Each structure stands twice: as structure tokens, then as C-alpha cells.
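These are my notebook entries on a structure that I opened for a reader new to it. I set down what I looked up, in the order in which I looked.

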Amino acid sequence: MATRTADAHSLLLDSIGEGIFAIDLEGRCTFVNPAALRLLGHRTESVLGRNMHELVHHTHADGRHYPECDCPIFKAFRLGEACRIDDEVLWRADGTPFHAEYASTPLQQQGRTVGAVVSFVDIGERKRVESEMRKAKDAAEAALRNLRETQNSLIEAEKLAALG
């Protein structure tokens, strides 16, 4: 029965589309699923045992260094509080960033925190669509302002012509 449960858990973690990894209290990767490897562009052997902040979360989107002490992923297990973040980037093995939404949850074993489990997705497409929607909204608002200005100019011209 335990083997069947472990097999079912393994199947679920291998099949889910979200990237998932687990880290110990030192931030070293203790588990990584295939989706995480695909999204990050790594192989299992290049991730297991490595500090995940140094590997995938070391730099802000604008190029500034991201200190580990400020990392919400690590704060989750250090403070014992889960977090969900959707405005940061993770870094692929090839050195390119991608916009990610992630959740980091303390990993508990027998009542004590032993690390964290992190799930993440690439939200690059969502960010692109949001940006296009903002641009379209801004353009529509600008067009509406221009239309109102034109309308007001025409009304003023009609008033002047009527006086005239």
C-alpha cells in the first residue's frame, strides 16, 4: 500500500505542469520535478544539492543583485510563513530570465520546519497580454480625450458663429 501511494505521488509530481522544487534549510535543492527542469532549462544532476537562490533567483529583472536574505522563497521557511509572489523573475540555465509567479511554503516534518516547497509557473505570456491591454486602454483614453477636446472646440466655434 505504501509503495502504491508513493508511486501515485511520484506520478502526480511528474505530471503536473507547474514547476516544483524542495529546498532544505540551507536552500539546497532536495527535489525537483520535470516541469521545473523544463522551465529552468536544467538537468536533475545540475540542480540537486545546489543552492536554488544562487542558481535561479540571484538577480532582479533590472539586473540588480538579489541578496538571499531578501528572498521571499527563503523567508518562507526562515519565518515559517508561506508567500505567493507574481512580480519577479527566475533565471534559466542559459542565463535568460522569465517572469514567474511562485509560492513558497514551509516544509514541515514532525512539527518542525525542514525547508520549503516551491511551486512556480512562467507568466511571461500573461505579462505580455497585460502590457498590451494597458497600452490599448491608454490609447483609448487618449483618443477619448482628443474626441472631447475636438467636440468642445466645435461647440465653441458654433457659439462664436451664432454670435457672429
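Which residue in S2 does Phe21 stand opposite? I found that Phe21 stands opposite Val32.

**Entry 1. Ground rules.** I noted that this is a predicted model, in which local features need pLDDT of at least 70, side-chain atom pairs count only at pLDDT 80 or more, and totals for chains, interfaces and linings use all residues. Residues are numbered from 1 along each chain as its sequence is written, and side-chain values use heavy atoms, with hydrogens and water left out.

**Entry 2. The sheet.** I looked up the strand order and recorded an open sheet of 5 strands, S2-S1-S5-S4-S3, with antiparallel pairing. Helices (H or I, at least four residues) and strands (E, at least two) are DSSP runs, numbered from the N terminus; two strands pair if DSSP finds at least two bridges between them. At the edges I found strand S2 (29-32) and strand S3 (83-91), each of which pairs on one side only. From one strand to the next, the twist averages 30°; axes are lines fitted to C-alpha atoms, for helices over the stretch in contact, and angles run from 0 to 180 degrees between N-to-C directions.

**Entry 3. The hairpin.** I turned to S1 and S2, which run antiparallel and are joined by 3 bridges. They form a hairpin with 4 residues between them, and Gly27 in the turn has a positive phi of about 85°.

**Entry 4. Asp24.** I placed Asp24 in strand S1 (residues 19-24). Is Asp24 buried or exposed? Asp24 counts as buried because its relative accessibility is 17%, where buried means under 20% relative accessible area, exposed over 50%, and partly exposed in between (1.4 Å probe, protein chains only). A polar atom of its side chain lies 2.9 Å from the backbone nitrogen of Glu26, and the side chain of Asp24 also reaches the backbone nitrogen of Arg28 at 2.9 Å. Leaving aside neighbours within four places in sequence, I listed Thr30, Phe77, Val114 and Gly115 in contact with Asp24 (heavy atoms within 4.5 Å).

**Entry 5. Helix H5 and its rings.** I saw that helix H5 (residues 72-79) lies across S1, S3, strand S4 (97-109) and strand S5 (112-122), running at about 10° to S4. The structure holds 3 aromatic pairs. The rings of Phe74 and Phe77 have centres 5.5 Å apart and planes at 45°, so this pair is tilted; rings of Phe, Tyr and Trp (its six-membered ring) pair if their centres lie within 6.5 Å, with planes under 30 degrees apart counted as stacked, over 60 as edge-to-face and the rest as tilted. Phe74 and Phe77 are separated by about one helical turn because they are 3 residues apart in H5. Phe74 is buried at a relative accessible area of 1%, and Phe77 is buried at 5%.

**Entry 6. Rings between strands.** I next recorded Phe98 and Phe120 as a tilted aromatic pair, 6.4 Å centre to centre with 35° between the planes. Phe98 lies in strand S4 and Phe120 in strand S5, so the pair ties together parts that are 22 residues apart in sequence. Both Phe98 and Phe120 are buried. Phe21, Phe98 and Phe120 form one aromatic cluster.

Technical notes:
Polar contact = N/O pair within 3.5 Å; in protein donor to acceptor, adjacent residues only side chain to side chain.
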